[in-house]
Each structure stands twice: as structure tokens, then as C-alpha cells.
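Student: I've got a model open and I'd like to go through it with you. Could we look at it together?

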Amino acid sequence: MSQFKSIKVTDYYELSRFERIKQFAKHKPTPCVVIDTEIIAAQYDEMTKNFPFAHIYYAVKANPGAPILALLHQKSANFDIASIYELEMVMAHGVSCDRISFGNTIKKRQDVEAFYERGVRLFASDSEADIRMLAQAAPGSRVYVRILTVGNDTADWPLSRKFGCQPEMAYDLLVLAQSLGLEAYGVSFHVGSQQRDIGAWQVAINQVAQLFTRLSEQAGIKLAMINMGGGFPANYLDKTQALAGYAQAITGYLSQAFPETMPKIILEPGRSLISNAGVLISEVVLISHKSSDSNERWVFADVGKFSGLIETLDEAIKFPIVTDKHGPLGACVIAGPTCDSADIMYEHYRYGLPQDLAIGDKLYWLTTGAYTTTYSAVCFNGFPPLKDYYL
């Protein structure tokens with residue numbers, strides 16, 4: 001019995017869809033990622049079905065591909081924007097300003113002014129300096145404050161520390177915002193990307209409920225909205241529960257915390273909408289050994305950390321990888337093509353690739369629709385950005 005985890009395409013894609021992607025990319029230069037927009041449409045429909053009460057704001061940073069933005073615009077999605085550049089991409093599709101949130105807590109005054117001039121009135125914050133700047137650059141706007149959450153250590157890609165503030169500070173910031181003429185609108189949190197522990201949402205929701213109560217009773221501020229961010233699962237090597245399981249539990253947490261009237265709920269999915277739709281196709285550049293008596297192969301691909309696979313940093317995200325070979329599996333280290341010793345995707349987690357794998361063979365990285373094109377370097381070692389195609 002093989003010591004390596006067997007990866008079956010059919011655990012991730014309908015075989016006909018995978019073959020369609022392979023056929024489309026057959027003569028395309030590698031590396032490239034091919035994204036099936038029909039899968040995105042289905043993922044979006046599943047999200048709205050499981051969270052019928054929520055307002056979906058797509059996290060554009062996951063993948064701002066024009067076909068994706070056009071599709072989600074057509075489905076009347078809203079958009080979570082991280083920069084002025086993303087704003088321009090989204091508004092180019094005719095998205096109205098009332099469907100946009102500036103969700104980055106770190107932003108230049110000139111960009112806030114540009115958002116405000118275009119009609120955007122919903123802004124995230126987590127600091128006093130930012131609140132005061134918003135009051136001047138976007139007067140009268142709705143502001144929601146992001147809180148720090150516990151439980152990020154159970155997420156594959158944690159989002160703690162850099163964003164958010166302690167709930168006690170969030171209270172003060174919302175009071176300050178109201179006093180400066182802004183509308184203290186709500187609270188946001190993010191439990192970490194690819195969060196495995198559904199209970200992390202319960203902890204955060206209870207923290208938010210306490211803030212709602214304190215602000216109402218002590219400051220006379222009636223908050224209206226909770227932005228729960230993302231964190232929902234994509235289908236990587238290590239499986240998580242289905243979205244329906246998350247939705248059932250989270251809906252229960254909200255009902256318990258807000259038994260009378262549930263606030264407006266915003267979700268900001270990115271990974272869970274887009275990842276499962278993408279297959280990244282790469283080529284084996286070199287297979288080598290580090291000593292004459294070593295059985296461990298080093299498999300070098302023409303894609304690496306700097307061309308779209310940065311989420312393999314610390315081997316956090318484990319992408320399923322398949323090939324056209326079907327021989328017995330053998331141990332290998334998988335690395336990228338650049339002249340940087342950090343460009344190793346998997347060394348400690350042992351992937352098994354077919355022992356008859358050869359130079360020139362294709363590697364198919366599954367579930368790579370999100371955070372690949374956007375993380376790809378522009379010109380490191382002269383390599384161009386990861387090319388993307390859409391079906």
C-alpha cells in the first residue's frame with residue numbers, strides 16, 4: 001500500500017470538465033491557469049442558497065479577472081475592494097457605487113477621496129487616525145470597525161494581528177466615528193482564510209453581539225451591520241466540511257446571539273467562490289537528486305512561489321497535484337524554477353508523484369483559481385506573470 005495520499009481528479013472536478021480544461025490548455029504555453037466560470041456561477045449560487053439572508057461582497061483580491069467580475073456583476077453580487085485599482089476594474093463593468101465596500105483598513109487619503117467622489121459610502125477601519133481621516137475625506141459615510149478575533153491558528157492561511165483591533169478599542173472608535181459625523185454602521189471580523197474550525201465564528205459573533213449591546217445601552221448607538229468576512233473552504237488536499245455545514249452552524253450562532261432581530265449580514269467570500277474553478281498547468285523542467293545514493297527526487301516545475309504559488313509559503317495551502325502518468329508513487333520535493341532558495345513549494349509535507357514522471361510532463365495543480373494570478377510576480381528572474389484563461 002502506498003504511503004502517499006492518492007489524489008483522484010474526480011474528488012475535485014467532474015471528469016468531463018477537467019478533460020475540457022486539459023484539452024483547452026493542450027497547446028498553451030505553461031505555466032498558465034484555466035478557470036471554468038460555470039463552476040464560479042455554481043459556487044455563487046450555492047453561497048446565496050445557504051446564506052439567503054446575507055449580502056455577498058466578492059473579495060476582488062482573490063481574482064480580479066474581467067470574466068469573473070462580469071459574471072458576478074450579472075448575478076447582482078456586491079464587491080469588497082482593497083485599492084483604487086480594484087475599484088477601477090470593478091466600476092469598468094458598470095457596478096454601481098452602492099454595491100461597493102472599501103474593505104481595506106490601510107488606505108491613502110487620496111484614494112478615500114477618489115472612492116467618495118465616485119459615490120462609495122461604505123468604509124472599513126480599525127484605528128483612530130483612519131477614522132479621523134475618513135471623517136474629513138468621506139464625510140457622512142458609513143463606517144464599520146474590524147475587530148481582532150481568536151481562532152486564526154485553526155485556519156490554513158491566518159489573518160490575525162495585521163488587521164483589526166481589540167473590541168474595547170472598537171467601541172471607542174465607533175463612538176468617535178459617530179461624534180465626527182460619520183455613521184457608526186457596524187462591526188467586521190475575519191476568522192482566517194480556509195478556516196477549519198466552525199466554532200471560530202461563534203466566538204467572533206458573540207464578541208460582536210456584546211459590542212452591539214454596549215454601544216446601544218451606553219452610547220445610544222444602534223449598529224446595523226455585521227461583516228463576517230470570508231474564511232469559507234475551498235477543496236484542497238486536506239478536505240473541510242461542505243459549505244452547508246458551515247452555513248447551518250453559523251446561522252444558529254447568529255440566531256442565538258441576536259434572538260430578536262438579526263442585523264444586516266455581509267459575507268466576503270473569495271477563495272470559496274473561485275479556487276475550485278481553476279486548474280494551473282505547469283511543466284516539469286528538471287528532475288534531479290542531491291546525492292548519488294539518494295532516492296528522493298527533486299522535481300522542478302516552471303511555476304513556483306513567485307509565479308502564483310506563494311500560498312505554499314510554510315506549506316500552508318496544499319494544492320492537489322495530478323499528472324498524466326499512472327505509475328507507482330515515489331517521494332519528491334517540489335520546487336519552482338527561479339534562482340531563489342525559498343522557491344520550494346513542498347519539502348516537509350511529502351507529496352508522492354509517479355516514479356515514471358519525466359522532464360516535459362505536465363503537472364496539474366487543482367483548486368488554483370484564487371490567489372494565483374494576483375500573487376504572481378511581474379518580472380522576477382525575468383519570468384512574466386502567470387497567464388490566465390477563462391472558459
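This is a predicted model: local features need pLDDT of at least 70, side-chain atom pairs count only at pLDDT 80 or more; totals for chains, interfaces and linings use all residues.

Student: What is the peptide bond from Thr30 to Pro31, cis or trans?

Tutor: Most peptide bonds are trans. Here, though, omega is near 0° for the bond that runs from Thr30 to Pro31, and that makes this one cis.

Student: On to backbone angles. Which is buried and which is exposed, Asp314 or Thr367?

Tutor: Most residues other than glycine have a negative phi. Asp314, in the loop between β13 (297–301) and β14, has a positive phi of about 60°, and Thr367, in the loop between β17 (362–366) and β18 (387–390), has a positive phi near 60° as well. Asp314 has 72% relative accessibility, so it counts as exposed. Thr367 has a relative accessible area of 1%, so the buried one is Thr367.

Student: Why do the buried residues of α4 line one face of the helix?

Tutor: Helix α4 covers residues 84–91, and Ile84, Glu86, Leu87 and Val90 are its buried residues. Looking down the axis of α4, they line one face because they fall within an arc of 155°.

Student: And which elements do those buried residues of α4 pack against?

Tutor: Two of the partners are strands, β3 (78–81) and β4 (100–102). The others are the helices α3 (66–74) and α5 (109–117).

Student: Is Ser141 buried or exposed?

Tutor: Ser141 is in the loop between α6 (128–137) and β6 (142–146). Leaving aside residues up to four places away in sequence, Ser141 touches Tyr116, Val120, Arg121, Phe123, Leu182 and Glu183. Its relative accessibility is 1%, so Ser141 counts as buried.

Student: How many disulfides does the structure hold?

Tutor: A disulfide is a covalent bond between the sulfur atoms of two cysteines. As for individual cysteines, Cys97 is partly exposed at 25% relative accessibility, while Cys332 is buried at 0%. The disulfide count for the structure is zero.

Student: Which residues are closest to the centre of the second largest pocket?

Tutor: This pocket holds about 370 Å³ of space. Elements giving two or more residues to its lining are α1 (15–25), β14 (321–323) and β16 (344–354). Of the 18 lining residues, those closest to the centre are Ile7, Val322, Thr323, Lys325 and His326.

Student: What volume does the largest cavity have?

Tutor: Searching the whole structure turns up two cavities of 30 Å³ or more. The largest cavity is lined by Lys5, Ile7, Leu237, Tyr349, Arg350, Tyr351 and Gly352. Its volume is about 50 Å³.

Student: Last one: what separates the C-alpha atoms of Leu329 and Val33?

Tutor: Leu329 is in strand β15 (residues 329–335), and at 28% relative accessibility it counts as partly exposed. Along the chain, Leu329 and Val33 are 296 residues apart. Their C-alpha atoms are separated by 25 Å.

Key: Residues are numbered from 1 along each chain as its sequence is written. Side-chain values use heavy atoms; hydrogens and water are left out. Buried means under 20% relative accessible area, exposed over 50%, partly exposed in between (1.4 Å probe, protein chains only). Helices (H or I, at least four residues) and strands (E, at least two) are DSSP runs, numbered from the N terminus. The arc is that of the directions from the helix axis to the C-beta atoms. Contact means heavy atoms within 4.5 Å. A disulfide is a pair of cysteine sulfur atoms within 2.5 Å. On a 1 Å grid over the protein atoms alone, a cavity is a set of points where a 1.4 Å probe fits but cannot get out, and a pocket is an open set with protein on both sides within 12 Å along at least five of seven lines; lining residues have an atom within 4 Å of a point. Grid points are joined across faces, edges and corners, and a volume is the space filled by probe spheres set on the points.
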